[in-house]
Amino acid sequence: MANLLEDIQCARFDTRPPMLDRTDFASWQQRIRLYCRGKENGVNILKSIDEGPFHMETFRETLAEGNEGALHLGPKRPRVYSDLSPEDKVRYNADIRATNILLQGLPKDIYALINHYTDAKYIWDNVKMLLEGSELTKEDRESQLYDDFEHFC
């Protein structure tokens, strides 16, 4: 029976990202990064979380080739998935995977606050801000603790 339980736990860990415990954000942050690194294309998934999404930019199609090798280009238009190179498609897909991993690792109450973001970096930054606060918030908390300690003594 123990082997079956261990097998289930191992399978679950690989198929589902670690769930955020709001009391221990630092540990979850480390575990979710390890989980992402262990996934196929993990480097690009982490790049999406750290640097932001892949930008599609604009594209100009070659309409015709003129005299002496000059190209006649069409108007600029936004690139679509089919315009991407295989490497760019891998990066674009990693953005989607990173967003899914982060959203699946959030409890319902935090998910409800964050689910309107579509980019992994924005999700990551907002969850971090929600649970850790900004540098000013940390300094305020530290200052408040020192004041409380002085009053206690």
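# Reading contacts, core, rings and a hairpin

User: Which residues is V127 in contact with, leaving aside its neighbours within four places in sequence?

Analyst: V127 is in contact with L20, F25, W28, L106, I110 and I114, once neighbours within four places in sequence are set aside. Contact here means heavy atoms within 4.5 Å. This is a predicted model, in which local features need pLDDT of at least 70 and side-chain atom pairs count only at pLDDT 80 or more, while totals for chains, interfaces and linings use all residues. Residues are numbered from 1 along each chain as its sequence is written, and side-chain values use heavy atoms, with hydrogens and water left out.

User: Which residues of the largest nonpolar core touch the most other members?

Analyst: A nonpolar core is a set of buried Ala, Val, Leu, Ile, Met, Phe, Trp, Tyr and Cys residues joined through side-chain atoms within 4.5 Å. Buried means under 20% relative accessible area, exposed over 50%, and partly exposed in between, with a 1.4 Å probe and protein chains only. The largest such core has 22 residues, and L20, W28, I49, L102, L106 and V127 touch the most other members. At least two residues of this core come from each of α2, α3, α4, α5 (108-114) and α6. Helices (H or I, at least four residues) and strands (E, at least two) are DSSP runs, numbered from the N terminus.

User: How many aromatic pairs does the structure hold?

Analyst: A pair of aromatic rings is described by the distance of the centres and the angle of the planes. Rings of Phe, Tyr and Trp (its six-membered ring) pair if their centres lie within 6.5 Å; planes under 30 degrees apart count as stacked, over 60 as edge-to-face and the rest as tilted. The structure holds 4 aromatic pairs. In one of them, the rings of F25 and W28 have centres 5.9 Å apart and planes at 40°, so this pair is tilted. F25 and W28 are 3 residues apart in helix α2, about one helical turn, and both are buried.

User: How far apart in sequence are the parts that W28 and W124 tie together?

Analyst: The ring centres of W28 and W124 are 5.8 Å apart and the planes lie at 25°, so the pair is stacked. Because W28 lies in helix α2 and W124 in helix α6, the pair ties together parts that are 96 residues apart in sequence. W28 and W124 are both buried. F25, W28 and W124 form one aromatic cluster.

User: Which residues of helix α3 are buried?

Analyst: In α3 (residues 42-51) the buried residues are G42, N44, I45, L46, S48 and I49. Their cover includes α2 (25-37), α4 (86-104) and α6 (120-132). S48 counts as buried because its relative accessibility is 1%. Apart from neighbours within four places in sequence, S48 is in contact with P53, R91, A94, D95, A98, A120 and K121. After α3 comes G52, with a positive phi near 105°.

User: Is N44 buried or exposed?

Analyst: N44 has a relative accessible area of 17%, so N44 is buried. Not counting residues up to four places away in sequence, N44 touches V90, R91 and A94.

User: How many bridges join strand β2 to strand β3?

Analyst: Two strands pair if DSSP finds at least two bridges between them. Strands β2 (residues 62-65) and β3 (residues 71-73) run antiparallel and are joined by 3 bridges. A64 stands opposite H72 in β3. The two strands, β2 and β3, form a hairpin with 5 residues between them, and E68 in the turn has a positive phi of about 55°.
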